[in-house]
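Subject: Structure handover

Hi there,

Here is the structure I promised to pass on. Please have a look, and my notes follow below.

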Amino acid sequence: MGKHLARYSREGLGVDINSVAVQNSEHNRDRLGLSNVSFHRSDVFDNVVGQFDVIVCNHPFFDSDPIEGEMITRAWFNNGEFIERFFQEAPKYLKKGGKIIMPFFPFAGNKNNPKLHAERLGYKVETINDEVIDDENIQKGEFIIYMICL
């Protein structure tokens with residue numbers, strides 16, 4: 001995802017709680033010859049400084065607790081705490097008129113549905129993509145992308 005976003009951005013910052021994911025992103029950035037993107041480890045916004053025109057958040061989709069000791073499961077499973085925290089903290093990091101872009105897979109259930117959380121907290125939500133994916137190599141099912149604004 002970052003590879004495509006970097007083409008449309010002057011500069012970008014990617015964060016992840018998982019240091020292996022950060023290292024992987026740095027490796028891919030270097031392999032692709034991108035110079036306008038940096039990455040570092042952060043739990044949501046803990047290590048983020050500044051305000052942004054666009055925040056893209058690929059949050060955990062599935063309603064479950066991560067498996068203890070298995071860091072990768074934090075990318076997949078969350079009981080709603082991450083998305084709630086994200087939307088409560090995001091206004092501090094969005095420039096005036098800024099937008100949040102978030103994907104969502106309805107098959108994961110509504111506990112981590114960005115639209116439901118965002119609207120409840122006073123954000124405006126627009127669906128910018130809603131399609132059914134039928135790719136045996138990636139996934140199958142409905143895939144939605146939301147654009148979210150204050």
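First, a definition: a residue is called buried under 20% relative accessible area, exposed over 50% and partly exposed in between, with a 1.4 Å probe and protein chains only. Because its relative accessibility is 31%, V56 counts as partly exposed.

Two words on the source. This is a predicted model, where local features need pLDDT of at least 70, side-chain atom pairs count only at pLDDT 80 or more, and totals for chains, interfaces and linings use all residues. Numbering runs from 1 along each chain as its sequence is written, and side-chain values use heavy atoms, without hydrogens and water.

Now the overall picture. The chain has 4 helices and 6 strands (DSSP runs numbered from the N terminus: H or I of at least four residues for helices, E of at least two for strands). Their order along the sequence is α-β-α-β-β-α-β-α-β-β. Of the 150 residues, 33% are buried. The C-alpha atoms fill a box of roughly 40 × 35 × 30 Å along the principal axes.

V56 itself sits in strand β3, residues 52–56.

Best wishes
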